[in-house]
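User: I'd like to go through the labels used for this fold and see what sits behind each of them. Can you take me through it?

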Amino acid sequence: MAGRPLQHFTVVGTEQIAPHMVRVLLEGSDFGTFVPSNFTDSYVKLVFVADAVDVAALPHPLTQDSFSVLPPEKRPSVRTITVRKVDAAARQIALDIVVHGEHGVAGAWAASAQPGQAIYLMGPGGAYTPDPAAGWHLLAGDESALPAIANALEALPPNAIGKAFIEVAGPEHQIELTAPEEVQVNWIYRGGRADLVADDRAGDFAPLIEAVTTTLWLPGQVHVFMHGEAQAVMHNLRPFIRKDRGVDAKWASSISGYWRRGRTEETFRQWKKELAEAEAGAR
Ligand SMILES: Cc1cc2nc3c(=O)[nH]c(=O)nc-3n(C[C@H](O)[C@H](O)[C@H](O)COP(=O)(O)OP(=O)(O)OC[C@H]3O[C@@H](n4cnc5c(N)ncnc54)[C@H](O)[C@@H]3O)c2cc1C
């Protein structure tokens, strides 16, 4: 996506939709070039340009590469966020962003975003949408995947069958979801913020893992969507789905970490690269 043009948007407003989640509404002169995707996991890359950077002086058309003329410390941070809603009539998009304290870029920005504030974005990208040919759907994730799970539940046909497992801090963190009658939505409580709970409630011990691995398996072909904290997803949920349950890659292609405890998005990218190399070496 780095070579794709950056689109200029403006914050319209924010809404606190759960204690740790803020919906940010964006609109912009570049809405016309934003081509919404049909993927329910459609995402954008938010590009956080520091106020001190003179964007007009950078090479145009503006892409992420335009910033390579700047010293590394002045280049923007980039964060990946699901497109929760697109309102073509209002020319707005909504992003639901986890606020996990004051550290980080995206969460802290969402917590303090003000109408009129500028933001650049790239995208959308995406790869998954629930396959109507599946016998049933299995969706699981933490708060970071909740927007994508909410999109998928809304896109399922009314007669769809399935189970969704969503891990949040506690009952007060649940949000209203629209799902077909025969899709069971299970909220799993870890007892605190994902980055702050003790190690026995996160990573290999995330309560989401037990909920998914002990659930009654339904008959018919399953289509899987699982994302969230990388240790829980890549080292626990993925092996369960692919090896223990033997789900073919075609039906389980959308399983990955969306973030990693103790790592920023930049250092998490490095972790993903190392994991991919280790897996390639093991083949
Ligand atoms: C395809 C895709 C779609 C995504 N969609 C969404 C979305 O719709 N909404 C959303 O909020 N996130 C989403 N994420 C996850 C998001 O990109 C990461 O959580 C990202 O690290 C957040 O950036 P940050 O600047 O807030 O924190 P960073 O600067 O990246 O990290 C700072 C610290 O915060 C911790 N941290 C990061 N994320 C979380 C979290 N969710 N909970 C607790 N601690 C955290 C890190 O471990 C690190 O210690 C998505 C990721 C992908 C790959």
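This is a predicted model: local features need pLDDT of at least 70, side-chain atom pairs count only at pLDDT 80 or more; totals for chains, interfaces and linings use all residues.

User: What is the order of the strands in the open sheet with antiparallel pairing?

Analyst: Its seven strands go β4-β3-β7-β1-β2-β6-β5. β1 (residues 7-18) meets β7 (residues 118-125) through four antiparallel bridges, and Thr10 has Ala118 as its bridge partner in β7.

User: What makes β2 largely enclosed?

Analyst: Buried means under 20% relative accessible area, exposed over 50%, and partly exposed in between, with a 1.4 Å probe on protein chains only. Five of the seven residues of β2 are buried, so the rest of the structure largely encloses this strand.

User: And the open sheet with parallel pairing, what makes two of its strands edges?

Analyst: The order is β10-β9-β8-β11-β12, five strands in all. β10 (183-189) and β12 (254-259) each have a single partner strand, so one side of each is left without a neighbour in the sheet. From one strand to the next, the twist averages 10°; angles run from 0 to 180 degrees between N-to-C directions, and axes are lines fitted to C-alpha atoms, for helices over the stretch in contact.

User: How do you know that β8 and β11 pair?

Analyst: β8 (residues 136-142) and β11 (residues 222-229) run parallel and share six bridges. Gly141 has His227 as its bridge partner in β11. β8 pairs with β9 too, again in the parallel sense over six bridges, and His137 is partnered by Gly162 in β9.

User: Why is β9 called mostly covered?

Analyst: Seven of the seven residues in β9 are buried. In a regular strand the side chains alternate between the two faces of the sheet. Gly162, Ala164, Ile166 and Val168 are buried on one side, and Lys163, Phe165 and Glu167 are buried on the other, leaving both faces of β9 covered.

User: What does helix α2 touch in the sheet with β8?

Analyst: Helix α2 (residues 146-155) touches β8, β9 (162-168), β10, β11 and β12, and its direction makes about 160° with that of β8. Contact means heavy atoms within 4.5 Å. α2 also lies across β2 (21-27), β4, β5 and β6 (92-98), at about 30° to β4. Eight of the ten residues of α2 are buried, so this helix is largely enclosed by the rest of the structure; Ile149 and Leu153 are among them.

User: Why is α4 called roughly parallel to α5?

Analyst: Two packed helices are described by the angle between their axes and the distance between the axes. For α4 and helix α5 (residues 265-282) the angle is about 20° and the axes are 12 Å apart. Angles under 35 degrees count as roughly parallel, over 145 as roughly antiparallel, 65 to 115 as roughly perpendicular and the rest as oblique. That puts α4 roughly parallel to α5.

User: Which residues of α4 and α5 meet?

Analyst: Ala230, Gln231, Met234, His235 and Arg238 in α4 meet Phe268, Trp271, Leu275 and Glu279 in α5.

User: Last one: why is Ala249 called partly exposed?

Analyst: Ala249 has a relative accessible area of 37%, and that value makes this residue partly exposed. You'll find Ala249 in the loop between α4 and β12.

Notes:
Residues are numbered from 1 along each chain as its sequence is written. Side-chain values use heavy atoms; hydrogens and water are left out. Two strands pair if DSSP finds at least two bridges between them.
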